[in-house]
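Biologist: Thanks for sitting down with me. Could you walk me through this model and the terms you use for it?

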Amino acid sequence: MGTAPVRVRFAPSPTGYLHVGGARTALFNWLFARHNGGTFVLRVEDTDSTRYSDEYVDAIYRALRWLELDWDEGPDVGGPFGPYRQRERVELHQAAARELLVRNAVYECFCGPKKIDERAEEPDDASDPESATANERSGECTCASLAPRMREELIAQGVRPALRMRVDPLRAVVVDDIVRGRVEFPAGTIGDFVIVKSDGGPLYNFAAVVDDHAMQITHVIRGEEHLANTPKQLLIYEALGWQPPAFAHIPIILNEQRRKLSKRDGATFVNEYEALGYLPEALVNFLALLGWSPGGNRELMTRPEMVRDFTIEGVVKHPAIFDHAKLAWMNKEYLKQLPPAELARRVVELLERRVSVPDRIDAQHVGRVVGLLQERAYTVAEIADQGSYFFTRGPIEPAPEALAKYCATPEAVDRLREVREALSAIPSGGFTADAIEKATRGVAERTGLKAAAFIHPLRVAVTGQAVSPGIFEVCGILGRDVTLERIDSLLERLQRPHAIGAERSR
């Protein structure tokens, strides 16, 4: 390839939302392109119209934009329609198929869909060369030796042939992979395989080769589950007389039990992590380290640092482990570094996307809440959830366990009345954390009780929880009116006939 500029592509199939494994593949391609001053191409492989969905196409665009993995070319780059769509390139695939027929590199197959699988090919699950041809070895095709007269009769009957690649059974195929080294697929393990369906639609391996060549892709960086497809693609390149790109198959991602990552392990799609309140900066940092080592035991890295240091040679062979605890820790570190105003903006955005939008999410108020919770939370969603009592003006429903622990005695009701009286004496303009603390501790001193006797029922009244950030700061943010209203609401509840006994029995 000489000094040809680096050109890489991410080519997702829109049959679902963007999986974290796909996002990692996109990221490695993006980093490689940016590191080398090259081009990152996005190509949606949607030739199988029975399986793809425009909803998933849009979701993939959204996920990549959320991760800030911008692509460099394609119709309407950055616009609503985004990158290349493979289904719009079928004429190019058909021209290449005709060329293979002229070269006698393929033959017409009349076996029909009952004998051959004409669905869009999926990557093989295994990267073992021996497993690559299980489908080819079942149901042998004899169409290569079909007599011309029989062929003419079938066509006259309206039978439309597929196109099948001729493969020398005595030919071994070698893949020189940047990550995995030399991988040999022994002779006889790759049978003749279909490249074009009987309806003229190209299958995965063929379309990918034609598009990669047309787009002048220099490096194909993808998951190791695609390794078993590579010898077929190399045979197509050779038959067409084209120079293949360099291949790099990055390691599979496993869960913490070293099994394939699945929905049972929690969130597996990028949109789920966005909804859970993870920061894209943290998820990108985490995904970059799944199979790549920058050296020096570094973990928290800025995007410019990743671009500067990323190399394919730094990608490891062994499987990458998706450690949810590490991702949570990393997200918390990024969350702590985020400017409070920016974090407040993200909290507001998350709250506005919820089915029931809270009634108290103005930027100034949320900014004060963020200042209190930023050091405690692991995700944006945790701030929204843990601080849910901040985002509504009215009374709240206390947790049964909090009521049972701190409000199930007549004495607790008395303490709540006393602290309510003390707080009501604070003027609205002076309802600060310091003033609230002074008033509460003053009641404790006058009654000879510990401050905790007043703080615990006060916390249940204003937060509904047994545990919260500093209650004086909480009340200061909520304000005098909301604080007193919530105390009154709990007092009314506890003073109903048999209310205390009922709370105790829960």
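Biologist: What makes helix 6 (residues 204-214) largely enclosed by the rest of the structure?

Modeller: Nine of its eleven residues are buried, so helix 6 is largely enclosed. Buried means under 20% relative accessible area, exposed means over 50%, and partly exposed lies in between, with a 1.4 Å probe and protein chains only. Helices are DSSP runs of H or I with at least four residues, strands are runs of E with at least two, and both are numbered from the N terminus. Please keep in mind that this is a predicted model, where local features need pLDDT of at least 70, side-chain atom pairs count only at pLDDT 80 or more, and totals for chains, interfaces and linings use all residues. Residues are numbered from 1 along each chain as its sequence is written, and side-chain values use heavy atoms, leaving out hydrogens and water.

Biologist: Which residues of helix 6 are buried, and what do they pack against?

Modeller: The buried ones are Tyr204, Asn205, Phe206, Ala207, Ala208, Val209, Val210, Asp211 and Asp212. Their packing partners include strand 1 (7-10), strand 2 (39-44), helix 3 (90-102) and helix 7 (230-240). Contact here means heavy atoms within 4.5 Å.

Biologist: Why are helix 3 and helix 6 called roughly perpendicular?

Modeller: They pack at an angle of about 105 degrees, with axes 10 Å apart. Angles of 65 to 115 degrees count as roughly perpendicular, under 35 as roughly parallel, over 145 as roughly antiparallel and the rest as oblique, so the pair is roughly perpendicular. On the helix 3 side the contact is made by Leu92, His93, Ala96, Ala97 and Leu100, and on the helix 6 side by Phe206, Ala207, Val210, Asp211 and Ala214.

Biologist: How do you know that Gln216 is exposed?

Modeller: Its relative accessibility is 57%, and the cut-off for exposed is over 50%, so Gln216 counts as exposed. Gln216 lies in the loop between helix 6 and strand 9, and has a positive phi of about 55 degrees although it is not a glycine. Most residues other than glycine have a negative phi.

Biologist: What makes Arg258 exposed?

Modeller: Arg258 has a relative accessible area of 53%, so it is exposed too. Arg258 sits in the loop between strand 11 (253-254) and helix 8 (270-275), with a positive phi near 65 degrees.

Biologist: Why is the pairing of the Glu108 and Arg151 side chains called a polar contact?

Modeller: The two side chains are 2.4 Å apart at that contact. A polar contact is a pair of N or O atoms within 3.5 Å; within protein, one must be able to donate a hydrogen and the other to accept it, and residues adjacent in sequence count only if both atoms are side-chain atoms. Glu108 itself is found in strand 4 (residues 106-109).

Definitions and conventions. Axes fitted to C-alpha atoms, helices over the stretch in contact; angles between N-to-C directions.
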